[in-house]
Amino acid sequence: GLFAASLYFWVRQRLERELRRELESHLRLFRGFLVEEHDEVRRGVHPELGPELLEHAQASGIQLEVRSADGTVVVATPGFTALPRPVPWELEIGSDRLRALEAVISTPDGEEFHAVLAVSARSHLRQLTRLLRYFFAFGPPTVVLAWVLGLFFVGRTLAPVEDLRAQAERI
């Protein structure tokens, strides 16, 4: 039991670190994309920033909410609004469990955006669920098998001692 619990928590921590690294990577890429798109909007290449950012989020498989410095929502993926502040690492939106990071992104012209990016933790949580199933499916039979084999080998090991005891009683 202790081994299973230790392994479960070790795997969970490793998966959480993976999610954090993945999200930090998405945030670095998004930061550059936002600055580039903001510049294009400023130069008149695009009429608005929102659709470009939303397209980027959909292509990256992330949820996002971007607000301007005054708190106005620039863009948000559907259902990903009205987030608590500060945004917690673990979020539940609908039936999806997400991991989120919040950042302030400054453009070269001094404008600031407050961005929240999140990725689904579903695949990572599925791995943990599978691990728990393995523990429950194979743990008890393994313990029973170890007990039976232990009895068998202890009996075989102690058989010569039992023979000596029996001979000593006859004498």
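Is Asp39 buried, partly exposed or exposed? Asp39 counts as partly exposed, because its relative accessibility is 25%, and buried would require under 20%. The views below come from a predicted model.

**View 1. Asp39, Arg42, Arg43 and Asp109 are linked in a network of salt bridges.** Asp39 pairs with Arg43, and their closest N and O atoms lie 3.3 Å apart. Arg43 is exposed, at 54% relative accessibility. A second salt bridge joins the side chains of Arg42 and Asp109, at 3.8 Å from N to O. This pair links distant parts of the chain: Arg42 belongs to helix H1, Asp109 to the loop between S4 and S5, and 67 residues separate them. Arg42 counts as exposed, with 53% relative accessibility. Asp109 is partly exposed, with a relative accessible area of 43%. Side chains of opposite charge can pair when their charged atoms come close.

**View 2. A salt bridge joins Arg99 and Glu16.** The N to O distance between these side chains is 3.0 Å. Arg99 and Glu16 are both buried. The structure holds 12 salt bridges.

**View 3. Five strands make an open sheet with antiparallel pairing.** The strand order is S2-S1-S5-S4-S3. S2 (73-76) and S3 (90-93) are the edge strands; each has a single partner, so one side of each lacks a neighbour in the sheet. On average, neighbouring strands are turned by 25 degrees against each other, direction ignored. Helix H1 (residues 2-42) packs on this sheet and touches S1 (63-68), S3, S4 and S5. The direction of H1 makes about 40 degrees with that of S4.

**View 4. Strands S4 and S5 pair over 9 bridges.** S4 covers residues 96-106 and S5 covers residues 112-120; their pairing is antiparallel. Ala103 has Ala115 in S5 as its bridge partner. In a regular strand the side chains alternate between the two faces of the sheet.

**View 5. S1 and S2 form a hairpin.** The two strands run antiparallel and are joined by 3 bridges. Arg67 stands opposite Val73 in S2. Between the strands lie 4 residues. Gly71, in the turn, has a positive phi of about 95 degrees.

**View 6. Phe30 of helix H1 is buried, with 0% relative accessibility.** Leaving aside residues up to four places away in sequence, Phe30 touches Leu53, His56, Leu64, Val66, Ile105, Ala115 and Leu117. Phe30 and His56 are 26 residues apart along the chain, and their C-alpha atoms are separated by 8.1 Å. With the same exclusion of sequence neighbours, His56 touches Phe30 and Phe33. His56 is buried because its relative accessible area is 17%, under the 20% limit.

**View 7. Val144, Trp147, Val148 and Leu151 form a nonpolar surface patch.** Together these residues have about 420 Å² of accessible area. Leu151 is found in helix H3 (residues 122-170).

Technical notes: Residues numbered from 1 in each chain as written. Predicted model: local features only at pLDDT ≥ 70, side-chain atom pairs only at ≥ 80, totals over all residues. Heavy atoms only, no water. Patch = residues over 30% accessible without salt bridge, like charges linked within 9 Å, V, L, I, M, F, W, Y side chains within 5 Å. Areas by Shrake-Rupley, 256 points an atom, 1.4 Å probe, with all protein chains shown as cover. Salt bridge = Lys/Arg side-chain N within 4 Å of Asp/Glu carboxyl O. Buried < 20%, exposed > 50% of the residue type's maximum accessible area, 1.4 Å probe, protein only. Contact = heavy atoms within 4.5 Å. Pairing = 2+ DSSP bridges. Axes fitted to C-alpha atoms, helices over the stretch in contact; angles between N-to-C directions.
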